[in-house]
Amino acid sequence: MKRSLALGLSLTLLASPVMATEKDTLKARQDRLSNQLEESKKAQDETDAELDITEAERDAVSTEIRAVNERLEGLSEQIAVQQEEADAARTELEETRDQLAAQGQYLESQKALLSERLRVLQVHEDRSYLQVVFESRSFGDFVTRLLTAQTIAEQDRDLIHTYMSEVERLESLEARQRTQLSFLKQKERELVVTKQALDVAAEQKRDLLSELNEQVELLELEKMSRAEEQALMNEQSRIIAGQLEAIATAEREAAEAQARAEAEARAKAEAEAKAQAEAKAAAEAKGQSEDKPAASPAPAPSPPAKVPTNVSTPATSFVRPVSGYVSSPFGPRQNPLTGVAESHRGIDLVNATGTPIVAAAPGIVIKAAPATGYGNVVFVSHIVGGEVWTTVYAHLDAITVTSGQTVSAGQTVGTLGNTGWSTGPHLHFELHRGQWAPGQPNAVDPGPYIGY
């Protein structure tokens, strides 16, 4: 992807001497500007296409993230349900274990009695009825003893059978509950593992979405910069067209003045010739033979009017655009907004908001409008020491000049501010030997030129 810098402009300087003999040069510059404009439009078409693709990818990832989030919400609900069921099963299992423990404690308390009864039932079961018979003192006593023995034996058996049945029931219930709890915990683990995997996938999707958002922002910034670039080129083209029209007007006026001067000279010469002819004819008619006086020479035609040679008076030095201290000099630095290492292509002069900013030299305003990164900015082209220079005044609070306006050294172009990519009120001032171009290859340290 072709990245344009903030305000990716390819300037064709307009402040060089405008003479009739330089008309071809201006036309060549206009042709180059047209080519650059076409290239910028093609680059913008590519940026627009890439922006559409990136936005579509971003929308698709956003849709995927929504689907993953919905699934994560569903899994969270399922995990919560499983946890509740597992907690309930765990509670039931603890209750069953408590019942088993209670049965065990009861068994311990009845162990001696049950053991003795079991022993008696096992050893004396066959003789219990004989003992009842022989030890009875009467038939009624026998019946009573027999019924009592049978009742005790049946109660003991019922007690033992009931106890064993309850223990078996509780042990069976405990086994089922352990199995159920194990199943619930396994299912919960599976859901947690699935959720963890989805969390990782969602995080990756979010990272991708963040990258796509950054790409969209950069592409939108590039699109905006391209639009600014084309607007500036159109403005330059308009100014060049005006200069060519001024040259054509001056040439036309000069040609008309020369034609008038030549016509007047011819008419004067013809009038003098006619007068001389009439005088000669009159002299011959009188028979005069004296020599005729020599005719005075015709005056030379007046020179054509000169074409203006400058759109602004050439300067020989620069003035300081604003007073203040330098907070960030020209050269390498850490970007105060991003912290990324960069090459600072100007100097930052700190002063109060609203302080007047003046042109560093006479020239023509190329651009006076907001621009990406620069905020409110003014570009001015100059002729200084016979060379073409460009100055840039950025982060202005207000602009007081317009594109195409001629300014003098020390004339106010705006007021100091904090617009654009700025961390505080200051003037970002750039000085370019020649044209301002993408990457600012012509930028020089302004400090020595303005006394810093």
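Student: Where is T355 found?
Tutor: T355 sits in the loop between strand 4 (347–350) and strand 5 (356–358). Strands (E, at least two residues) and helices (H or I, at least four) are DSSP runs, numbered from the N terminus. This is a predicted model, so local features need pLDDT of at least 70, side-chain atom pairs count only at pLDDT 80 or more, and totals for chains, interfaces and linings use all residues. Residues are numbered from 1 along each chain as its sequence is written, and side-chain values use heavy atoms, with hydrogens and water left out.

Student: Is T355 buried or exposed?
Tutor: Buried, at a relative accessible area of 17%. Buried means under 20%, exposed over 50%, partly exposed in between (1.4 Å probe, protein chains only).

Student: What does its side chain reach?
Tutor: The backbone oxygen of A352, at 2.7 Å.

Student: And which residues is T355 in contact with, leaving aside neighbours within four places in sequence?
Tutor: V322, G414, T415 and L416. Contact means heavy atoms within 4.5 Å.

Student: New topic. Where does Q30 lie?
Tutor: In helix 1, residues 23–124. Q30 is buried too, with a relative accessible area of 19%. Beyond four places in sequence, Q30 contacts S237, I240, A241 and L244.

Student: What pLDDT does the protein average?
Tutor: 76, and 73% of the residues score at least 70. pLDDT is the predictor's confidence in each residue, from 0 to 100. Over residues 292–314 the pLDDT is below 50.

How values were computed: Polar contact = N/O pair within 3.5 Å; in protein donor to acceptor, adjacent residues only side chain to side chain.
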